[in-house]
Amino acid sequence: MSVDEHGGWIPYTDRTFDQQIMSDSFKNATAPFGAVNRGLGDLPARALLYDLEKTATGKLCNRIWQMEGSCVGAAAGRSYVQSMCGDIVHRKTQEQVKDLFPWTTWGIGRKLGGMNRRGAGSFGAAQAKAGEQYGMNAADNPKLPQPTNKNGWLVWSAKIELDYSYPKQWPVPEAELAVEANEHQVMHVARITKWDELLQAFAQGYGVTCASMFGTRPTVRGDVLIGDNNLSWAHQLSWSGYITHPQHGILIAVDNQWGPNAHPECPTLSAMGVLGSFWITQKTVTKLLSQGSVEVYAHGETEDWPVRQLDWDAMWMG
C-alpha cells in the first residue's frame, strides 16, 4: 500500500483556512502537560504502557489495524485504551477494558474538522476534540460491525472505515451511538511540548499520540529496532512509553497500525509479544517536538490530571 493509503493525517499547511482556525483555537485552549501536572520527583528507568496493559487486563490489549487513510482514528483509539489501563492501575479497580470501535470517534473528528463528506484524512486537534465531546463506542456494541481478530489485531474492512468517516451517512444514526459514547469521554487532553513532559506522561500511565511528517525505515541495532526520521509520512502514531537502554539512552516505543509485519521484528519488543512497533531516540523526539506543525497529545480518562505514582518495577518484573 502507498503512504497515502496508509497515512491520513492532514498537515497544518494543507488544511483549509477554517481548519487552521479550528486547530489554532484548540491548541490555544489546550494546556501543555507541564502546566496541568506538577510531575513526579523521580522517574522510573522503565515506563512501558505494555506493562500497564498486562497489569490492568492480564494480557496485551488488542491493536487496531488500519485499512484506509484513518491513522488519526486508529492511533487515537490505541491511546485511549492505554489511558484506560492507566486509570485502572492507578485506582486499583477491577474495571473492564473493552476494545473500541475507533471509527465513530474518528468520523466525529472529521465532522468537527470541517470534512463534510465520506473519505479519509483528519488531524490531531479534530480527533482530540472528538474524544472530549463525543467519546468512545465499544467494539462489541451490537449495532456496530464486528472486527476480525487476527492474532491480537482488530481488522475492519476499508469500506467499514469509510462508512463511518462521515456521521451524516453512518449506517447507524449518530444519535443512537452517541448515547453510549457520551458515557465514555476522554475527559482531558494536554499538549506534549517538551521531552520532560513526555516522560512524565508515560511515567504516570497516560496514552500519547503523535501526528507529524515523521517517517522511517527502522533497522535492528543490537537488541532494538530503531527508526530514524529518514522518510516522510503524513501520519499519526501512538507512543507507548520508554526504556533506558545501555547503549542508546532513553528510547520511546512507537506503535504503528499497519499490522504485525509492517516493520522488521524488534528483538526486545517481540520478546514482550509486541509486533508492528519500533523505538525512536531522544534526539529524534526532541527534533519532532521542536516542529511547529507536530501534534503530540496526552490523553487522560480521569476527571483531572493528578500526579500518579505507579509501581513500574512490580509491573515488568512481576
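What covers the buried residues of α7? Among the elements doing the covering are α2, α5 (71-91), α6 (102-112), β7, β11 and β14 (295-300). Keep in mind that this is a predicted model.

- Helix α7 spans residues 124-133 and is mostly covered, with seven of its 10 residues buried.
- The buried positions in α7 are Gly-124, Ala-125, Ala-126, Gln-127, Ala-128, Ala-130 and Gly-131.
- After α7 comes Gly-135, which has a positive phi, near 105°.
- Helix α2, which is among the elements covering α7, runs over residues 17-29 and holds Gln-20.
- Setting aside residues up to four places away in sequence, Gln-20 touches Tyr-12, Thr-13 and Arg-15.

- Strand β11 (residues 231-245) pairs with β12 in the antiparallel sense, over six bridges.
- A hairpin of three residues takes the chain from β11 into β12.
- Strand β12 (residues 249-255) then pairs with β13, again in the antiparallel sense, over five bridges.
- Val-254 is a handy landmark: Trp-239 stands opposite Val-254 in β12, and the bridge partner of Val-254 in β13 is Phe-278.
- Ile-252 stands opposite Ile-280 in β13.
- Strand β12 is mostly covered, with five of its seven residues buried.
- For β13 (residues 277-281), five of its five residues are buried.
- Both faces of β13 are covered: Ser-277, Trp-279 and Thr-281 are buried on one side, Phe-278 and Ile-280 on the other.

**The three-stranded sheet**

- Another set of three strands makes an open, mixed sheet in the order β2-β6-β5.
- Its edges are β2 (63-65) and β5 (148-150), each pairing on one side only.
- From one strand to the next, the twist averages 35°.
- Strand β6 (residues 153-155) pairs with β2 in the parallel sense, over three bridges.
- Within this sheet, Arg-63 stands opposite Trp-153 in β6.

- Arg-191 belongs to strand β7 (residues 188-191).
- Arg-191 is buried but has no salt bridge, and the nearest side chain of opposite charge, Glu-197, is 7.4 Å away.
- What the side chain of Arg-191 does reach is the backbone oxygen of Lys-27, at 3.2 Å.
- Beyond its neighbours within four places in sequence, Arg-191 is in contact with several residues, including Thr-30, Ala-31, Pro-32, Phe-33, Val-296 and Tyr-297.
- Ser-212 is part of strand β8 (residues 207-215).
- Ser-212 counts as buried because its relative accessibility is 3%.
- The Ser-212 side chain reaches the backbone nitrogen of Phe-214 at 3.0 Å.
- Contacts of Ser-212, leaving out residues up to four places away in sequence, include Trp-9, Trp-233, His-235 and Leu-288.

**Salt bridges**

- Side chains of opposite charge can pair when their charged atoms come close.
- The model has 11 salt bridges.
- Arg-15 and Glu-295 form one of them, at 3.0 Å from N to O.
- That pair links distant parts of the chain, with Arg-15 in the loop between α1 (3-6) and α2, and Glu-295 in β14, 280 residues apart.
- Both Arg-15 and Glu-295 are buried.
- Asp-163 and Lys-159 also meet in a salt bridge, at 2.8 Å from N to O.
- Asp-163 and Lys-159 are about one helical turn apart, because they are separated by four residues in helix α8 (residues 158-163).
- Asp-163 is buried, at 15% relative accessible area, whereas Lys-159 is exposed, at 55% relative accessibility.
- Asp-228 bridges to Arg-221, with the closest N and O atoms 2.3 Å apart.
- Asp-228 is partly exposed at 29% relative accessibility, and Arg-221 is partly exposed at 30%.
- A network of salt bridges links Glu-53, Arg-63, Arg-78 and Asp-255.

Conventions: Residues are numbered from 1 along each chain as its sequence is written. This is a predicted model: local features need pLDDT of at least 70, side-chain atom pairs count only at pLDDT 80 or more; totals for chains, interfaces and linings use all residues. Side-chain values use heavy atoms; hydrogens and water are left out. Two strands pair if DSSP finds at least two bridges between them. Helices (H or I, at least four residues) and strands (E, at least two) are DSSP runs, numbered from the N terminus. Axes are lines fitted to C-alpha atoms, for helices over the stretch in contact, and angles run from 0 to 180 degrees between N-to-C directions. Buried means under 20% relative accessible area, exposed over 50%, partly exposed in between (1.4 Å probe, protein chains only). Lys and Arg count as positive and Asp and Glu as negative; His and the chain ends are not counted. A salt bridge is a side-chain nitrogen of Lys or Arg within 4 Å of a carboxyl oxygen of Asp or Glu. A polar contact is a pair of N or O atoms within 3.5 Å; within protein, one must be able to donate a hydrogen and the other to accept it, and residues adjacent in sequence count only if both atoms are side-chain atoms. Contact means heavy atoms within 4.5 Å.
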